[in-house]
Amino acid sequence: MTEIPLENLEQFYTEQLNEVYMKPKKFLKRFVERLEKYIVDLKSAVDKMRERKENIELDEQSIRYVDRFYTKVKENLDIITVPENPTAEEVYNLIDEIKRLFINMNELGRKNIPRFAKEFQLELKEIDFITRKISEHYMRIDTFIRKKYEEPKEAENLVKQFPKLANTVERIINTKSTVDNFNQDVDNLEHELEGLEQQIIDIENNELFQKQAELEKKLFNLRIEFDNKLKFRKALKKLKKKVENSGSTRGITSEMVKKYISDPYSAITSESGNHPNLTEFLIQLRYMLESGSLNLKSDAKQKLLENIDQIVSKEVLKPIIKEYKEIQVQLEEINRNPQQQTLNERLSELKGLYSIKTQELEHLKADANHKTTEYRHLLEKLKNDRDEIQEKIKQYVNQDIEIRITLKF
């Protein structure tokens with residue numbers, strides 16, 4: 001097996017093509033050489049018009065028409081490029097250029113020739129004769145390619161895939177560079193987040209913050225203990241319907257019932273330590289239960305009466321409320337401390353920045369993952385395309401090769 005660097009592949013393969021398909025390529029070149037001769041003859045015939053114009057008398061208007069026709073046709077002829085070692089594709093491109101030339105010549109002739117046809121009969125006949133010869137000849141070329149040059153044509157077309165292979169290599173290199181940059185950015189951002197997290201921890205480990213966290217935890221536990229002492233919320237739902245249907249009942253309004261249903265904790269702790277409003281409310285509720293104006297099942301009614309007795313007579317909420325308010329005072333003192341205020345502001349700033357950077361990191365990781373997937377797909381594509389080209393080279397020119405591809409990262 002021969003190893004061929006990718007950058008030398010086209011030259012190697014072209015040499016093999018010229019050797020393996022020497023005979024049909026020789027015939028194709030001869031066809032093109034004959035076509036080139038006809039094009040030279042056409043240029044000469046057009047030049048004769050320009051030369052003859054100097055030897056005959058023409059009015060100014062006819063001269064303008066002759067010059068326009070000559071100049072435009074010559075411009076179209078000059079852009080026709082005849083390949084030196086033609087491939088089927090290059091020949092078809094040449095034929096297309098000639099067809100465009102003839103279309104333009106017909107359009108120019110229609111507009112200009114009637115103005116000077118009599119004076120240039122011989123030259124125009126020669127031009128017409130040569131264009132017919134060219135048309136007949138490129139039709140013979142087309143027949144030859146279709147019938148006797150099909151396999152060489154397919155073999156030549158393989159060359160088109162070589163730049164695509166090189167382009168995939170370039171994309172792999174660029175994508176790998178992008179992946180590396182993304183990964184580096186991810187690492188940098190993760191380190192930055194670690195630094196922010198440590199700053200947040202350092203602030204939260206401050207003595208004032210530790211005290212604040214401890215007090216807030218106590219408040220949380222008091223809230224749970226407080227909630228466990230309240231057993232009357234279910235009964236309040238029935239009371240709410242009763243009040244809404246009949247208006248206030250024994251001084252109990254809908255607003256009073258709602259506040260003890262939605263947020264009894266805030267409603268009760270906002271009162272003084274003896275919670276007089278709650279006591280009055282529960283006394284009225286007890287009266288309604290004992291008088292039967294609020295229907296409850298006997299078990300539920302008994303439990304509710306016991307709960308009311310614990311709150312009103314035994315004052316089970318009083319120590320909780322007292323401790324709650326004492327803790328609130330301590331928290332307010334901490335929050336008024338200038339050092340704590342500064343730390344609070346810095347902590348808020350750091351947490352906001354940490355949140356922004358975390359989102360940025362998530363997007364960056366997503367981009368890195370996307371590019372990494374793209375990179376892997378390109379590597380797979382490179383392998384598959386290289387294998388396909390190697391197989392076709394074996395098929396067309398009977399050369400067992402390995403294309404050497406160097407990825408320079």
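**Salt bridges and nonpolar cores**

The count of salt bridges comes to 24, each a side-chain nitrogen of Lys or Arg within 4 Å of a carboxyl oxygen of Asp or Glu. This is a predicted model: local features need pLDDT of at least 70, side-chain atom pairs count only at pLDDT 80 or more, and totals for chains, interfaces and linings use all residues. Residues are numbered from 1 along each chain as its sequence is written, and side-chain values use heavy atoms, leaving out hydrogens and water.

**Salt bridges**
- Lys160 pairs with Glu89, with the closest N and O atoms 3.2 Å apart.
- Lys160 sits in the loop between α6 (150–157) and α7 (161–204), and Glu89 in helix α4, 71 residues apart. Helices are DSSP runs (H or I, at least four residues), numbered from the N terminus.
- Glu192 and Lys357 form a salt bridge at 3.4 Å, N to O. Glu192 lies in helix α7 and Lys357 in helix α15 (residues 338–397), so the pair ties together parts 165 residues apart in sequence.
- Lys357 is buried at 17% relative accessible area; Glu192 is partly exposed at 36%. Buried means under 20%, exposed over 50%, partly exposed in between (1.4 Å probe, protein chains only).
- Asp385 and Lys381 meet at 3.0 Å, N to O. Both lie in helix α15, four residues apart, about one turn.

**Nonpolar cores**
- The largest nonpolar core has 37 residues; Leu42, Ile98, Phe102 and Ile134 are among those with the most contacts inside it. A core joins buried Ala, Val, Leu, Ile, Met, Phe, Trp, Tyr and Cys residues through side-chain atoms within 4.5 Å.
- A second, separate core of 35 residues includes Leu222, Leu230, Tyr260 and Ile327.

Notes:
Helices (H or I, at least four residues) and strands (E, at least two) are DSSP runs, numbered from the N terminus.
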